[in-house]
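User: I want to learn how to read a few features of a protein model. Please take me through them one by one.

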Amino acid sequence: MSARTNKPHEVVERALELSRADGCVVIADERSTANLRWAGNALTTNGVTRGRTLTVIATVDGREGASSGVVSRSAVTADELEPLVRAAEAAARGAGPAEDGRPLVTDVPESPDFTDAPAETSSAVFADFAPTLGESFARARAGGRELYGFANHELVSSYLGTSTGLRLRHDQPNGTLELNAKSPDRTRSAWAGRSTRDFKDVDPAAMDAELAVRLGWAERRVELPAGRYETLLPPTAVADLLIYQMWSSAARDAAEGRTVFSKPGGGTRIGERLSELPLTLRSDPNEPGLESAPFVLAHASGDDASVFDNGLPLRATDWIREGELRHLSTTRHSAGLTGLPVTPSIGNLVLDGGEDRSLEEMVAATERGLLLTCLWYIREVDPATLLLTGLTRDGVYLVEGGEVVGEVNNFRFNESPVDLLGRAVEAGRTEKTLPREWSDWFTRAAMPALRVPDFNMSSVSQGV
């Protein structure tokens, strides 16, 4: 692409100029990543990547409504820009009327930095983190354990332009740190993860110390059968379950009787109490430390997103307020179908309203129960109840008399996050956490630990 049109905002403008459709939305995503990987207490690889993805959404007005065509491509050159626009237009003309068709969004103030260069990350993001990691390697080696893991930092600058005059831009930093500690014979393993915007608020030394304690717990092995156990779910496990719940909370699906949020006889369960605890599940694009896009960025239409809503401002939304279901996710189209407010999905999730008690304090108050590390391989069994199944991983510990007394075998679980909220008897302190299962798709979460008196460990698993 020539220097004249190589800047992302210029690419957006040029694509809009080329458009012959009735409406056009262009999204340029500039992505840069930096990463470190290590194994056996030594760095193995590091790297930096950069790339651009251009998405063109053409809309064509028809007698029966507007249709849309969406085409996304990476590394688009100047010669490929017009064919990309024409491909989106051809896709729109070849499609039937879009069910979610609406006039494109208007009257949103332009982002003041729309014409600025994209933000970029680099290996410099690890300048303070890397030396501390090296010290952790030495400490782990001296302590007879091996550290494995990776650190990844990504910065995406998204430029959104529309034929209705919108010119919006959002910079999204996203960092993940995952650390595994293993005994030299590989029979014991423990995991810890963190989510971060800039790697200034993560401490690998503290994580290594936490993992050392967990490996010590695992020196004693206790075999337990399947069954229902009082269980402490740490924030990462709570996040994985509630993110899946959020992904399953489209208002239209609920109104049509297809989800756990459907009301018997018709309608949705909005207004029903889901938890006796005063829990509030919410999203806010301006949540400190978890900031996300303040407007809709939809690269495709689906149950909870519409390309016609691109640029629509997002506001803080309580999905559950003090235990009561208040909102389900809607587009402008599904809001019209259901008669509910327009409440699009937002890129973070917070559960609060619990006590200011740490997970360690919750363990100390446990007479007998299980302490989980994390969940993985989560899959849906029944959408009508949102029954999920999955496995525990990297440490399930037995608590007796307020102390961890050993590691037990892993389990397969069968649980619905909606049911868990209703059965939880205690919520601890809300803290920023990294969902392990969904960290490739969703990282901005803050959750408390939950105490569930009868978590269903449906079978014993041989997983690690």
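User: Is Asn41 buried or exposed?

Analyst: Start with the scale. Buried means under 20% relative accessible area, exposed means over 50%, and partly exposed lies in between, with a 1.4 Å probe and protein chains only. Asn41 has 5% relative accessibility, so Asn41 counts as buried. The model is predicted: local features need pLDDT of at least 70, side-chain atom pairs count only at pLDDT 80 or more, and totals for chains, interfaces and linings use all residues. Residues are numbered from 1 along each chain as its sequence is written, and side-chain values use heavy atoms, with hydrogens and water left out.

User: Where is Asn41, and which residues does Asn41 touch?

Analyst: Elements first. Helices (H or I, at least four residues) and strands (E, at least two) are DSSP runs, numbered from the N terminus. Asn41 sits in the loop between β1 and β2. Contact means heavy atoms within 4.5 Å. Leaving aside residues up to four places away in sequence, Asn41 touches Phe137, Ala140, Arg141, Arg145, Glu146 and Leu147.

User: How do I read the packing of two helices? At what angle do α1 and α2 pack?

Analyst: Axes are lines fitted to C-alpha atoms, for helices over the stretch in contact, and angles run from 0 to 180 degrees between N-to-C directions. Helix α1 (residues 8–18) packs on helix α2 (residues 78–94) at about 55°, and the axes are 9 Å apart. That angle makes α1 oblique to α2. The classes are these: under 35 degrees is roughly parallel, over 145 roughly antiparallel, 65 to 115 roughly perpendicular, and the rest oblique.

User: Which residues make the contact of α1 and α2?

Analyst: On α1, Val11, Arg14, Ala15 and Leu18 take part; on α2, Leu81, Glu82, Val85, Arg86 and Glu89 do. Now sort them by class. Ala, Val, Leu, Ile, Met, Phe, Trp, Tyr, Cys and Pro count as nonpolar, Asp, Glu, Lys and Arg as charged, and the others, Gly among them, as polar. The contact of α1 with α2 has five nonpolar, no polar and four charged residues.

User: Which residues of α1 are buried, and what do they pack against?

Analyst: Pro8, His9, Val11, Val12, Ala15, Leu16 and Leu18 of α1 are buried. The buried residues of α1 pack against β1 (23–39), β2 (42–60), α2, β4 (146–162) and β5 (167–182).

User: Now α3 and α4. What is their angle, and what is the handedness of the crossing?

Analyst: Helix α3 (residues 129–142) and helix α4 (residues 204–217) pack at about 25°, with axes 8 Å apart. The two helices are therefore roughly parallel to each other. For handedness, a crossing is left-handed if the near helix is turned anticlockwise from the far one by less than a right angle, and right-handed if clockwise. The crossing of α3 and α4 is right-handed. Phe129, Thr132, Leu133, Ser136, Arg139 and Ala140 of α3 meet Pro204, Ala205 and Asp208 of α4. By class, that contact of α3 with α4 has five nonpolar, two polar and two charged residues.

User: How many disulfides does the structure hold?

Analyst: A disulfide is a covalent bond between the sulfur atoms of two cysteines. The count here takes a pair of cysteine sulfur atoms within 2.5 Å. The structure holds zero disulfides. Cys24 is buried, at 1% relative accessible area, and Cys374 is buried too, at 0%.

User: Which residues other than glycine have a positive phi?

Analyst: Look at two cases. Glu322 has a phi near 50°. Glu322 lies in the loop between β10 (317–321) and β11 (324–325), and is exposed at 52% relative accessible area. Tyr377 also has a positive phi, about 50°. Tyr377 lies in strand β13 (residues 368–382) and is partly exposed at 42%.
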